[in-house]
Amino acid sequence: MDLYAENILDHYRHPRHKSVLKNPTVTHKEENVSCGDTVELSLSMKDAKILEIGWSGEGCAISQAAMSMLSEELIGKTTDEALSIATDHIHELLGVPVGPRRTKCALLCLHTLKNTLRAAKNEPVQSWTETVGEQ
Amino acid sequence: MHYDVEAVRRQFPILSGGICYLDSAATSQKPNIVLRAMDTFYTSQNANINRGVHALAEAATVAFEDARKTVQRFLGAKHAHEIIFTRNATEAINLVAKTFGRSLAQKDRIALTLLEHHSNIVPWLQLKEEKNITIDWIGLETDGSLNESSIADVLSKKPKLLAITGVSNVLGTKIPLKEIIKKAHANGTLVLVDAAQMAAHEKIDVQDLDCDFLAFSGHKVYGPTGIGVLYGKEKLLNDLPTFLGGGDMIQTVTTDGFTAAELPRKFEAGTPAIAEAVGLKSAIEWIDSLGIAAIAEHEEHLLAHALEKLQTIKEVKVLGPKDAKKIASCISFTVDGIHPHDLTQILSEKGVYLRAGHHCTQPLHNHLGVVATSRISVAAYNTIEEIDRFATEISHAISAWKK
Ligand SMILES: Cc1ncc(COP(=O)(O)O)c(C=O)c1O
């Protein structure tokens with residue numbers, strides 16, 4: 001069970017920042033329609049800076065652990081910094097190779113983050129193709 | 001007669017490496033004889049059909065029409081020209097939805113069941129979008145069989161057509177088609193059977209069933225991808241407008257218009273999947289050589305054994321009927337605390353291949369109240385030992401995951 005490295009399972013079993021924010025600046029939900037995994041992200045922001053984060057979601061260990069791992073890095077980041085997080089970074093966080101069939105599971109967190117930030121700026125959401133990038 | 005599963009298995013080159021393939025409901029593996037038949041076609045008969053008079057064109061046309069006759073026998077159809085070759089079951093269903101649907105108007109209704117695959121839902125929803133027709137859904141009992149009063153209720157609204165699967169690709173439920181078709185006809189409703197999941201597991205006799213249309217895919221009956229079949233009663237097919245336009249489907253073309261070719265070519269525009277038709281013929285002959293009843297009996301043993309094994313694992317919840325006599329092809333289940341995708345990946349690493357997800361049946365999954373499930377499905381080449389191996393790996397995954 002290489003893919004299910006201990007830290008992935010740990011984040012899956014004990015997700016960080018998985019809570020409801022009282023007065024979020026923005027809340028946005030995304031789904032991986034091919035499997036039904038969901039993540040809803042809430043951010044509390046000030047001067048284009050992330051102050052607090054809370055999320056909820058349902059799905060496989062990869063999608064949920066990745067969101068938990070990503071959530072640990074967001075506080076204090078500016079919108080621009082958060083928007084510039086690349087897909088490679090999520091793969092680094094997971095630390096194990098994720099096959100093409102599970103790429104969207106791994107990147108659901110990033111897709112949700114980017115579209116939450118876009119929603120905060122009243123910009124249209126980006127497509128999965130933009131998040132995943134041309135392979 | 002003794003069913004020699006090891007002898008069956010040896011005919012499937014892909015299985016020789018010891019993989020435990022429990023995903024035949026998605027697509028079956030192909031025996032050597034099918035691969036060879038296609039190879040032989042390409043190495044000795046390949047030419048376009050219907051378009052030439054040279055010897056190869058003749059040989060290819062004969063091979064293609066022989067395939068049609070084999071399918072005719074497989075389905076018990078009255079005429080070979082009632083067999084239309086398509087790309088797959090999906091295209092066969094679309095053919096009916098797009099042609100039969102053209103004459104429908106706003107007040108008309110189409111009936112479906114909650115067991116349907118997206119392939120037998122979306123073409124009708126597209127028609128709803130275009131024509132504003134109404135779709136009525138036949139509901140389910142808790143065990144996944146169709147609800148009798150819902151059948152009566154939906155049919156009493158006199159839908160123009162009922163499109164119904166023969167076997168659920170999630171719960172495995174076998175549908176009492178003959179009975180339902182009789183009731184539908186009594187209400188003036190035509191019936192299209194989606195036999196994609198049924199064709200490899202049950203003898204089909206379209207004249208005995210009296211269905212009006214029936215669709216299946218070659219790749220789920222040990223044949224190649226890229227070939228499917230629509231059966232339709234001669235009169236109905238003759239009355240339908242044309243589907244795709246192009247070469248082969250016309251009698252005459254002028255600058256003003258065209259006249260359609262006779263059946264079956266009326267619905268076969270463009271160069272068809274000739275080698276794949278030859279492969280499908282070989283696959284059907286392969287099934288016949290074992291006997292579909294013998295295959296079905298073997299599979300029932302496998303499903304019964306799987307049900308028994310799964311029910312001993314307390315974290316596992318089986319979703320469909322728990323009686324192997326009531327199901328064919330597959331069993332779906334959930335495992336407490338492990339998402340189906342994780343489970344499938346863990347088992348895949350052990351060489352055990354099953355399917356996870358909504359299996360193209362979102363309305364059914366909504367009805368069951370689950371987003372995704374895991375599914376095992378069986379075929380002629382699976383063994384009791386594979387079911388045991390699968391059950392053992394599930395137990396291992398549960399204990400490793402929960403530690
Ligand atoms: C019940 C049912 N209908 C239709 C289909 C669609 O078959 P195809 O993708 O070969 O057109 C499937 C395949 O999964 C199925 O199980």
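In this predicted model, Glu52(A) is partly exposed, with a relative accessible area of 44%. The residue belongs to strand β3 of chain A, which covers residues 49–58. Beyond its neighbours within four places in sequence, Glu52(A) is in contact with Leu21(A), Ser42(A), Leu43(A), Ser44(A) and Ile75(A). Leu74(A) lies 22 residues from Glu52(A) along the chain. The C-alpha atoms of these two residues are separated by 8.3 Å.

Chain A also meets chain B. On the chain A side, 19 residues take part, in contact with 15 residues of chain B. About 1400 Å² is buried between the two chains. Carbon and sulfur atoms account for 52% of that area. In chain B, the residues that lose the most area to chain A are His341(B), Gln345(B) and Trp401(B). Together they make up 38% of what that side buries.

One salt bridge is found between chain B and chain A. Its partners are Asp342(B) and Arg102(A), whose side chains meet at 3.1 Å, N to O. Two helices of chain B, α12 (340–349) and α14 (384–402), each supply at least two residues of the side that touches chain A. The largest share comes from α12(B), with five residues. By residue class, this side of chain B divides into five nonpolar, six polar and four charged residues.

Over all chains, the structure holds 24 salt bridges. One of them joins Lys160(B) to Asp108(B), with the closest N and O atoms 3.8 Å apart. This pair links distant parts of the chain, 52 residues apart. Lys160(B) sits in the loop between α6 (148–156) and β5 (161–165) of chain B. Asp108(B) sits in the loop between α4 (89–100) and β3 (109–113) of chain B.

Other salt bridges lie within a single helix. In helix α9 of chain B (residues 234–239), Lys235(B) and Asp239(B) are four residues apart, and are therefore separated by about one helical turn. Their side chains meet in a salt bridge at 2.5 Å, N to O. Lys235(B) is exposed, with a relative accessible area of 59%. Asp239(B) is exposed as well, at 52%.

Helix α10 of chain B holds another such pair. Glu285(B) and Lys281(B) are four residues apart in this helix, so about one helical turn separates them. An α-helix has 3.6 residues a turn, so residues three or four places apart point the same way. The closest N and O atoms of the Glu285(B)–Lys281(B) salt bridge are 3.1 Å apart. Glu285(B) is partly exposed, at 35% relative accessibility. Lys281(B) is also partly exposed, at 22%. A separate network of salt bridges links Glu65(B), Arg68(B), Arg265(B) and Glu268(B).

The geometry of α10(B) was checked against its length. At 1.5 Å a residue, its 17 residues (274–290) should span 24 Å. The end C-alpha atoms are 25 Å apart, which agrees. Twelve of the 17 residues are buried, so α10(B) is largely enclosed by the rest of the structure. Among the buried residues are Ile274(B), Glu276(B), Val278(B), Gly279(B), Leu280(B), Ile284(B), Trp286(B) and Ile287(B). Just after the helix, Gly291(B) takes a positive phi of about 90°.

Pro224(B) lies in the loop between β7 (213–217) and β8 (228–232) of chain B. At 7% relative accessible area, Pro224(B) is buried, because the value falls under 20%. Pro224(B) and Thr40(B) are 184 residues apart in sequence, and their C-alpha atoms are 14 Å apart in space.

Methods:
Residues numbered from 1 in each chain as written. Chains lettered and ligands numbered in written order. Predicted model: local features only at pLDDT ≥ 70, side-chain atom pairs only at ≥ 80, totals over all residues. Heavy atoms only, no water. Expected span 1.5 Å × (residues − 1). Buried < 20%, exposed > 50% of the residue type's maximum accessible area, 1.4 Å probe, protein only. Contact = heavy atoms within 4.5 Å. Buried area = accessible area lost by both parts, 1.4 Å probe. Salt bridge = Lys/Arg side-chain N within 4 Å of Asp/Glu carboxyl O. Nonpolar A, V, L, I, M, F, W, Y, C, P; charged D, E, K, R; others polar.
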